[in-house]
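Here is a short walk through one protein model. Have the viewer open while you read.

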Amino acid sequence: MPKLSSLILRTFPGNRFLPLYKIEQFAEMGGVIGKGDTPRYSSAATKLEQKMVDAMQQRAQQGTSLKSFNSVIMKFPKIDENLRNCRIIFQQFDEDSNGEIDQLELKHCFQKLDVSFTDEEIKDLFEACDIYEHMGMKFNEFIVFLCLVYLLNDPAVSEARKRMGLGNLEPTFETLVDAFVFLDKNKDGYVSKNEVIEAINETSAGERSSGRIGVKRFEEMDWDKNGTVTFKEFLFAFTRWVGIDDNEDDDDDE
């Protein structure tokens, strides 16, 4: 898939796009997940995960507008730009400006927004997104949190999104949901290794390396190594694919 890199550069002249090496890294063999930390998997988020699966199954019934895995990759530059705009919202939540949002800060946020969440629900949502168990959500984890809030689509949460200034980000979140639906061929709310390989084979028919690339992409998503990928796992992998790191500084936004 090397031609994809030059295609993206031609498609987005003058705009902010992924560094060439990141695109080639994704298209070929690069390991874009690891940076030393090992993600944590919390059983406390089981109820929340089931809600995510149910919501994704319902969303899958609507189908997807994406026709190929390349069409997902082509959206990376715009998604990257829009997600980085979430930093302003992140800074509003981060009351002590330490670069992380702790559970109390998240609770304060919901209180300010007049959104009714129980302490247990806030705890489950926080633990689901604090995947490295830093006891605080970093920026990439916060992006995952926002997209999960979008997916759950509770009426009270929908109103909260508007007050948080997320209305203009909803098309980006919908694209991420759409990408997962595209991969989830059997519409069960999870993505399997075979489904990822099938999606890439549809794009790279006849290429000997397509199966290998599919396996690599799946391994990057399947953080708990249980053979299936949830929407949350997909989102964490996606933030790495577009180049949003868990510990990047504000200066990286330039």
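This is a predicted model: local features need pLDDT of at least 70, side-chain atom pairs count only at pLDDT 80 or more; totals for chains, interfaces and linings use all residues.

## Aspartate 222 and its surroundings

Not counting residues up to four places away in sequence, aspartate 222 touches Gly227, Thr228, Val229 and Glu233, where a contact means heavy atoms within 4.5 Å. You'll find aspartate 222 in the loop between helix H13 (210-221) and strand E2 (228-229); helices (H or I, at least four residues) and strands (E, at least two) are DSSP runs, numbered from the N terminus.

Aspartate 222 is buried but has no salt bridge. Buried means under 20% relative accessible area, exposed over 50%, and partly exposed in between (1.4 Å probe, protein chains only). A salt bridge needs a side-chain nitrogen of Lys or Arg within 4 Å of a carboxyl oxygen of Asp or Glu. The nearest side chain of opposite charge, lysine 225, sits 5.8 Å away. The aspartate 222 side chain does reach the backbone nitrogen of asparagine 226, at 3.3 Å.

Residues are numbered from 1 along each chain as its sequence is written, and side-chain values use heavy atoms, with hydrogens and water left out.

The mean pLDDT (the predictor's confidence in each residue, from 0 to 100) is 74, and 67% of the residues reach 70 or more.

## Salt bridges

The count comes to 7 salt bridges. Arginine 59 pairs with glutamate 174, with the closest N and O atoms 2.6 Å apart. Arginine 59 lies in helix H3 (residues 46-60) and glutamate 174 in helix H11 (residues 170-183), so this pair ties together parts 115 residues apart in sequence. Aspartate 178 also bridges to arginine 59, at 3.3 Å, and Arg59, Glu174 and Asp178 are linked in a network. Arginine 59 is buried at 11%, as is aspartate 178 at 8%, while glutamate 174 is partly exposed at 25%.

Another bridge joins glutamate 127 and lysine 123, at 2.9 Å. Both lie in helix H8 (residues 119-129), 4 residues apart, about one turn of the helix.

Technical notes: Lys and Arg count as positive and Asp and Glu as negative; His and the chain ends are not counted. A polar contact is a pair of N or O atoms within 3.5 Å; within protein, one must be able to donate a hydrogen and the other to accept it, and residues adjacent in sequence count only if both atoms are side-chain atoms.
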